[in-house]
Amino acid sequence: MAEIEERMEKTITSLKDSFNTIRTGRANAAIFDKVRVDYYGTKSPLNQVATIAIPEARSVIITPFDKSLIGEIEKAIQASDLGLNPSNDGKVIRVSIPALTAERRQELVKQAKSTAENSRTAIRNIRRDGNDELKKQQKNGELTEDGLKTETDKLQKLTDKYIDEINKIYDAKEKDILQN
């Protein structure tokens with residue numbers, strides 16, 4: 001049970017990480033988590049080659065540790081699917097976060113819904129694996145019929161708890177995306 005709960009917890013963590021990279025109308029350093037910069041032939045995460053500061057709600061300032069990387073960082077942001085237009089002054093890169101259109105908000109909600117559904121499916125798959133393991137234990141004589149029923153019920157309650165948590169996280173993200 002502990003192993004199953006740990007796997008379910010990792011699914012929740014993964015969902016939260018995925019949701020952090022979905023852009024809302026406000027500046028957030030986490031939206032740059034998937035941006036990779038070509039750093040001397042190696043694709044490195046942006047946050048490992050620069051600092052990301054948020055001076056106000058709709059702007060981001062990226063300061064590279066190595067000034068020669070400014071062009072590469074700019075290219076990486078433009079190549080990402082964030083829809084952002086960076087500009088640099090030779091020392092820092094400024095990115096203004098435009099307000100989201102209603103159409104774009106709906107696309108982001110669909111993306112979030114799909115991600116949440118994938119997480120629910122992962123939780124159900126973990127439950128199935130757990131049930132298979134319990135049946136195997138009963139077949140081997142390690143678990144009685146009543147013990148199997150008890151453990152299966154516990155597993156279902158655990159599954160329901162994590163599915164509810166996914167739904168709460170999704171509802172909060174949807175509200176965040178649809179907010180002006």
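**Note on the sheet and the helices of this predicted model**

1. Four strands, in the order E3-E4-E6-E5, make up an open sheet whose pairing is antiparallel. Strands here are DSSP runs of E with at least two residues, helices are runs of H or I with at least four residues, and both are numbered from the N terminus; two strands pair if DSSP finds at least two bridges between them. The edges are strand E3 (50-56) and strand E5 (86-88), each of which pairs on one side only. Neighbouring strands of the sheet are turned against each other by 25° on average, with direction ignored. For angles of this kind, axes are lines fitted to C-alpha atoms, for helices over the stretch in contact, and the angles run from 0 to 180 degrees between N-to-C directions.

2. A word on the basis of these points: this is a predicted model, in which local features need pLDDT of at least 70 and side-chain atom pairs count only at pLDDT 80 or more, whereas totals for chains, interfaces and linings use all residues. Residues are numbered from 1 along each chain as its sequence is written, and side-chain values use heavy atoms, with hydrogens and water left out.

3. Within the sheet, E3 and E4 pair in the antiparallel sense over 5 bridges, and they form a hairpin with 2 residues between them. Ala53 has Ile61 in E4 as its bridge partner, and Ile61 also stands opposite Arg94 in E6. Strand E4 (residues 59-64) is joined by 4 bridges to strand E6 (residues 93-96), and these two run antiparallel.

4. Phi of Tyr40 is near 50°, a positive value in a residue other than glycine. Tyr40 counts as exposed because its relative accessibility is 63%, whereas Ser44, with a relative accessible area of 9%, is buried. Buried means under 20% relative accessible area, exposed means over 50%, and partly exposed is in between (1.4 Å probe, protein chains only). Not counting residues up to four places away in sequence, Ser44 touches Val35, Arg36, Val37, Tyr39 and Val49.

5. Two packed helices are described by the angle between their axes and the distance between the axes. Helix H1 (residues 2-20) packs with H4 at an angle of about 170°, their axes lying 10 Å apart, so H1 is roughly antiparallel to H4. Angles under 35 degrees count as roughly parallel, over 145 as roughly antiparallel, 65 to 115 as roughly perpendicular, and the rest as oblique. On the H1 side the contact includes Ile4, Met8 and Leu15, and on the H4 side it includes Ala112, Ile123 and Gly130. By class, this contact of H1 with H4 has 9 nonpolar, 5 polar and 3 charged residues. The classes take Ala, Val, Leu, Ile, Met, Phe, Trp, Tyr, Cys and Pro as nonpolar, Asp, Glu, Lys and Arg as charged, and the others, Gly among them, as polar.

6. The axes of H1 and H5 come within 11 Å and cross at roughly 10°, and these helices are therefore roughly parallel to each other. Among the residues that make this contact are Glu5, Ile12 and Phe19 of H1, together with Leu155, Tyr162 and Lys173 of H5. The residues of the contact of H1 with H5 divide into 11 nonpolar, 1 polar and 6 charged.

7. H4 and helix H5 (residues 145-178) pack at an angle of about 170° with their axes 10 Å apart, which means that H4 is roughly antiparallel to H5. Their contact has 14 nonpolar, 9 polar and 10 charged residues by class.

8. Is Arg120 buried or exposed? Arg120, which is found in helix H4 (residues 102-139), counts as buried because its relative accessibility is 12%. Its side chain makes a polar contact with the side chain of Glu117 (2.8 Å); such a contact is a pair of N or O atoms within 3.5 Å, where, within protein, one must be able to donate a hydrogen and the other to accept it, and residues adjacent in sequence count only if both atoms are side-chain atoms. Leaving aside neighbours within four places in sequence, Arg120 is in contact with Ile163, Ile166 and Asn167.

Notes. Contact = heavy atoms within 4.5 Å.
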